[in-house]
Every structure is written in structure tokens, then in C-alpha cells.
Amino acid sequence: MSKKYFFILLAAVSLGITSCSPFQVKSDYSATANFSDYKTYLLRTDDLKLNDLDKDRVLNELSKQVQAKGLTSSQNPDLIINVKASHKKIQDVTTSYNAGFGWGRPWGWGGGFGMGNTWTNNYNSGTIVIDIIDAKTQKLVWQGVGSGISVDSPKSKQKQIPQIVAEIMANYPPQKGK
């Protein structure tokens, strides 16, 4: 296999892996903010209404992510990072119909629709919002939102909360023009 085809295959596999996320993640930012000027941060959790286990999951991953981006924690910060969480009830309704074709008397071939089956699935879907505020101006300079956490399953939350925080923070700092 030539190098050219190997790299094309590797890029296709990478794109397939990164696009298979179960979460919906988006971000927005101030075009006038100079993100390279920000060096320090302070986490504010007043709006983070979660149990202690989930709160620790969010804050541990968020601290890890911002520190990996070169920011350090400070009581006199350049940025204030405010985290919020919420959930909503989702109801999925699925209906299927039975269809059949076959030989019938006395007219020959025929077809028709049979009975339909309907299933409902009720669950709670969680969302995390990360607001990054310029401490001097007190203005929002970046916001990331991620939704799709399975909040009804403790095992899912253990895995999904760090994943979604990492996916949200992958968009910080923003790349202008993207």
C-alpha cells in the first residue's frame, strides 16, 4: 500500500472515529477577545446544581482540560469559568408496521399492511454549559455547550461526563475563521 493511500485511509478512519460521538457539542466566542492574553482562571460553581459525585466529575475534567491549555488556577484570574448543568425529559416514540405479500385465492398475488406496533422510551438527557468570562470586563468571551448525557445511568455518567467536558473544551481556545 502506498503512503498516499495509507494516509487517506488513516484520515478517513480518524474522521469516522471523531464523528461518532453520542453528544451534540457547540461553542461560540467573542471575535474581539484576545485569547492568548488569558493565563489564569478561577472556577465558579454557584450555578452547578449537581450531586457531589457528578460535580467532582465535571470539575476534575474541566480543571484538567484548562490546565492542558496552559491556564493556571488563581484567586486573581484573567478568566472566570462558570459551569452549569441541566437535564430534560425526552420521549422517543417508534412505530413499525407489518407488511406482507403472498399468494391468495382466487385472485393471485396480493399485499397489505397489518397491525402496527408503537414503543415509547422515556429518559433524561443532560446538558453542560461552560461560560468563560473576562474577569476585567465581566463579559462572556466564550461559551461551550454539550448535550446528550444519559443522566439516568450512574455507570454512563461516570464515563460520559468527562468525555463531554473534553469534547466541549476541544473548541477552546477558538480558532478564528472556523
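Hi everyone, let's begin with E61: leaving aside neighbours within four places in sequence, E61 is in contact (heavy atoms within 4.5 Å) with P162, V165 and A166. This is a predicted model, where local features need pLDDT of at least 70 and side-chain atom pairs count only at pLDDT 80 or more, while totals for chains, interfaces and linings use all residues. Residues are numbered from 1 along each chain as its sequence is written, and side-chain values use heavy atoms, with hydrogens and water left out.

E61 sits in helix 2, residues 52-68; helices here are DSSP runs of H or I with at least four residues, strands are E runs of at least two, and both are numbered from the N terminus. E61 is buried, with a relative accessible area of 10%; buried means under 20%, using a 1.4 Å probe and protein chains only.

Now to helix 3, residues 154-169. A kink of about 30° lies at Q160, shortly before the proline P162; that bend is the angle between axes fitted to the seven residues ending there and the seven starting there. Which residues of helix 3 are buried? They are K157, Q160, I161, I164, V165, I168 and M169.

On to the largest nonpolar core, which has 26 residues, with I128, I130, I132, M169 and Y172 having the most contacts inside it. Such a core is a set of buried Ala, Val, Leu, Ile, Met, Phe, Trp, Tyr and Cys residues joined through side-chain atoms within 4.5 Å. Helix 3 gives the most to this core, with five residues. As for M169, its contacts beyond four places in sequence include L62, V66, I130, I132 and W142.

Technical notes. Buried < 20%, exposed > 50% of the residue type's maximum accessible area, 1.4 Å probe, protein only. Expected span 1.5 Å × (residues − 1).
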